Amino acid sequence: MKNANNHFYMFPNLKKYCCLKETNYTIVDVLRGKSDDVFERLIKVDLAKVLKRRGMFPGVHIHTGSYARFTPGSENVLYFDDYSIIEQDLLFYIPNISFVLRFFNVKGAGQYFFKEIRCYVNVKQLYVDAVQVTFDFTFVTSGGFQDFFFNLLVKQPLISYIDIGYNNLKIKLYSGLK
């Protein structure tokens, strides 16, 4: 393939993918209960009940789809109260141990700040009634200006938004709601 200056590019799509930048954020916590119960509640949680509007981040208005069938590729769509949407799919699933969610194809203001978010969730029984839960978030940007603006403007408020969402999730888990 040639560019405008008649130079040959061996891998024309390489530039499209080689500049992706990742930023990680991890939450590790210990919860009461059995790992099986905690895992089932985590994977079935309705994000509309957990992620509420905060600052520049919209709340989830409707969380469509279902994890009735726990198979990689299960898809959901999150509709936010500012009319933006993001798709969510289950990439990886090991019953009662871990799963990976990917949030991608952002439509709305968020598309300018990141390409996708991956959430790795791991559940481990520590004691008879204590479970360690690890949430590892990976924020993917396309590099360049998107990465610069993500780190400058979005990263810290997004981490705060996730922390508040996690606290809401713990309240739901302890109250027995899904």
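Which residues are linked in a network of salt bridges? The network is made of Glu22, Asp89, Arg102, Glu116 and Arg118. A salt bridge here is a side-chain nitrogen of Lys or Arg within 4 Å of a carboxyl oxygen of Asp or Glu.

The model is predicted, and for this reason local features need pLDDT of at least 70 and side-chain atom pairs count only at pLDDT 80 or more, while totals for chains, interfaces and linings use all residues. Residues are numbered from 1 along each chain as its sequence is written, and side-chain values use heavy atoms, with hydrogens and water left out.

The overall layout comes next. The protein has three helices and seven strands. Helices (H or I, at least four residues) and strands (E, at least two) are DSSP runs, numbered from the N terminus. Read from the N terminus on, the order of the elements is α-β-α-β-β-β-β-β-β-α. The protein has 178 residues, of which 40% count as buried. Buried means under 20% relative accessible area, exposed means over 50%, and partly exposed lies in between (1.4 Å probe, protein chains only).

The structure holds seven salt bridges. In one of them, the side chains of lysine 170 and aspartate 29 meet at 3.1 Å, N to O. Lysine 170 belongs to helix H3 and aspartate 29 to strand E1 (residues 21-32), so this pair ties together parts that are 141 residues apart in sequence. Lysine 170 counts as partly exposed because its relative accessibility is 22%, and aspartate 29 is buried because its relative accessible area is 18%.

Another salt bridge joins arginine 53 and aspartate 81, with the closest N and O atoms 3.0 Å apart. This pair also links distant parts of the chain: arginine 53 is in the loop between helix H2 (35-43) and strand E2 (60-64), aspartate 81 is in the loop between E3 and E4, and the two are 28 residues apart. Arginine 53 is partly exposed, at 48% relative accessible area, and aspartate 81 is partly exposed at 35%.

Now to the aromatic rings. A pair of aromatic rings is described by the distance of the centres and the angle of the planes. Rings of Phe, Tyr and Trp (its six-membered ring) pair if their centres lie within 6.5 Å; planes under 30 degrees apart count as stacked, over 60 as edge-to-face and the rest as tilted. By this rule there are nine aromatic pairs. One of them, phenylalanine 135 with tyrosine 166, is edge-to-face, with 5.3 Å from centre to centre and 65° between the planes. Phenylalanine 135 is in strand E7 (residues 130-141) and tyrosine 166 in helix H3, 31 residues apart, and the pair links distant parts of the chain. Both residues of this pair, phenylalanine 135 and tyrosine 166, are buried. Phenylalanine 145 and phenylalanine 149 form a stacked pair, because their ring centres are 6.4 Å apart and their planes are at 25°. Both lie in helix H3, four residues apart, about one turn of the helix. Ring pairs also link Phe135, Phe137, Phe139, Phe150 and Tyr166 into a cluster.

Phe145, Phe148, Phe149, Leu152 and Leu153 make a nonpolar surface patch of about 550 Å². Patches are made of residues with over 30% relative accessible area and no salt bridge; like charges are joined within 9 Å, and nonpolar side chains (Val, Leu, Ile, Met, Phe, Trp, Tyr) within 5 Å. Accessible areas come from the Shrake-Rupley method with a 1.4 Å probe, and for residues only the protein chains shown count as cover. Phenylalanine 145 is exposed at 66% relative accessible area, whereas phenylalanine 149 is partly exposed at 34%. Leucine 152, in helix H3 (residues 144-175), is exposed at 54%.

Threonine 141 is in strand E7 and is buried, at 1% relative accessibility. The side chain of threonine 141 makes a polar contact of 3.2 Å with the side chain of aspartate 147. A polar contact is a pair of N or O atoms within 3.5 Å; within protein, one must be able to donate a hydrogen and the other to accept it, and residues adjacent in sequence count only if both atoms are side-chain atoms.
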